[in-house]
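User: I would like to learn how to read an interface and the pockets of a model. Please take one feature at a time.

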Amino acid sequence: MNDAKTNSSAVPDKIDLEAEFQSSHIQEVLDKLDRELVGLKPIKTRIREVAALLLVDRVRRQFELTSETPTLHMCFTGNPGTGKTTVAMRMGEILKRLGYVREGHLVTVTRDDLVGQYIGHTAPKTKEVIKKAMGGVLFIDEAYYLYKPENERDYGQESIEILLQVMENNRDDLVVILAGYKDKMDRFFQSNAGMRSRIAHHLDFPDYSPDELMVIAKLMLAAQNYRFSAEGEKAFAEYIPLRMGLSHFSNARSVRNALDRARLRQANRLFNSRTKTLNKMDLMTLEAEDILASRVFVDGKLDGDPASGVIRK
Amino acid sequence: MMTNPGNRLTQGQFSFLPDLTDAQITAQIKWALKHGWAVSIEYTDDPHPRNTYWEMFGNPMFDLKDPAGILMEINNCRKTFSSHYIRVMAFNSSRGTESPAMSFLVNRPKKEPGFGLVRQESEGRMIRYTVHSYATDKAEQERY
């Protein structure tokens, strides 16, 4: 009788992992990740591992090998501009492809969205955010601000408790990603051990090397239909290490700001030479002079740096 | 004559069917969210057909993508008001409609006494009819 039962049930004998892999279209997402995100080796490896785990999990379920749903709450630490938000956004898409979350949308919040201003305000506020994030990814930027040890009546603790409860009970419904600077997050976890243990993946985003920043700059320009001239590229390659040595360097974000300023100078240059006729190439190209005019070159300070006195046009 | 054995309240959608399971409720909410309607939860212990405005359980839930959050609120409401009528509404705010697009019960009391018909004799041989909920004869806390 037992034999008859096993034969009639739909459990397959063999499964083609390759076919399963193809049908999930994970490779597309991973390729896209490789193409559009420069560097970030450890992050990409971990995402690949998570993808593999979820895929194997899905196959195991077909053999009726039940296991608990893995926790995928994550913590992204790293310096500013290292791509934490960008990866979080991709994470939603990846997890949706893998069937881990249903919608795959990203809800980005900070302390202000979670913590209320008076007694009884925090719980409904936090719950509302959680409800919005269900079926997707809840991204809490600068999560360490949730906990303010200097004020014992701070409502942040209440918010953390609700989050903890949801992270444990509604594991199927949403993925929580905390993000912040490494040292501050470490301090946050020291005082919130419960939070630490509920987060399975701690990912540290490395800083970009100058070469990687150059690739990023080119990608950014290409997305806006700009390009460097040969000299322009050389000038920008010189600019990057100089800028890295200055204070408040925030990786890709600094590169983006530098490019925005270069575009400004390019527009100004074209405007001043308006007696000449321009072609499409002129409008697209950033020349060396657009970059070399930066204050970083002239006197080793940033544009608009209060120490540098007059703000340069 | 018994036209409605068990005196089950028949208001809103699906009310002649057996009670919806959580999976069915989720599917209905998904439909509402797909249309961009705001879903809200309301409860009452006075289900008279003319009692349009039930008590709101929290604010209407805007901008949600997934029914799981609403189901969580429904279960909260069931826990708080286990022997009340609870309904889920979906409000369509598009211009020209601006009214509830869906409304269905998700919780009812164990025992539903139902409604009686009160006949009032007035001038001449005229009769005025009133639908009267037996439950409202009792105080608010003791109704169901």
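User: Which residue of chain B forms a salt bridge with A:Lys131, and how far apart are the closest N and O atoms?

Analyst: Note that this is a predicted model. A salt bridge is read from the gap between a side-chain nitrogen and a carboxyl oxygen, with a cut-off of 4 Å. Here the partner of A:Lys131 is B:Glu73, and their closest N and O atoms are 3.8 Å apart. The count between chain B and chain A is two salt bridges.

User: How many residue pairs are in polar contact across the interface of chain B and chain A?

Analyst: The rule finds one such pair, with both residues at pLDDT 80 or more. As for composition, the side of chain B that touches chain A has five nonpolar, four charged and one polar residue.

User: What is the area buried between chain B and chain A?

Analyst: Interface size is often given as the accessible area lost when the parts come together. In this model about 950 Å² is buried between chain B and chain A, and carbon and sulfur atoms give 61% of that area. Within chain B, the residues that lose the most area to chain A are B:Lys65, B:Asp66 and B:Met72, together 52% of what that side buries. In terms of contacts, 10 residues of chain B meet nine residues of chain A.

User: Now the pockets. Which residues lie nearest the centre of the largest pocket?

Analyst: A pocket can be described by its volume, its lining and the elements that supply the lining. The largest pocket has a volume of about 600 Å³. Its lining has 25 residues, and those nearest the centre are A:Gly81, A:Thr82, A:Gly83, A:Thr86 and A:Ala252. By class, the lining divides into 12 nonpolar, seven charged and six polar residues.

User: Which element gives the largest share of that lining?

Analyst: H5(A) does, with four residues. The elements of chain A that each supply at least two residues are helix H5 (84-97), strand S4 (175-180), helix H11 (210-223) and helix H13 (251-272).

User: Where does the lining of the second largest pocket come from?

Analyst: This pocket holds about 350 Å³ of space. Helix H7 (122-133) of chain A and helix H2 (68-80) of chain B are the elements that give two or more residues to its lining. H7(A) gives the most, with six residues. Of the 16 lining residues, A:Pro124, A:Glu128, A:Lys131, B:Gly58 and B:Asn59 lie nearest the centre. A:Lys131 is also the residue that forms a salt bridge with B:Glu73.

Technical notes
Residues numbered from 1 in each chain as written. Chains lettered and ligands numbered in written order. Predicted model: local features only at pLDDT ≥ 70, side-chain atom pairs only at ≥ 80, totals over all residues. Heavy atoms only, no water. Contact = heavy atoms within 4.5 Å. Buried area = accessible area lost by both parts, 1.4 Å probe. Polar contact = N/O pair within 3.5 Å; in protein donor to acceptor, adjacent residues only side chain to side chain. Nonpolar A, V, L, I, M, F, W, Y, C, P; charged D, E, K, R; others polar. 1 Å grid on protein atoms, 1.4 Å probe; cavity = no way out; pocket = protein on both sides within 12 Å on 5 of 7 lines; lining within 4 Å. Points joined across faces, edges and corners; volume = space filled by probe spheres on them.
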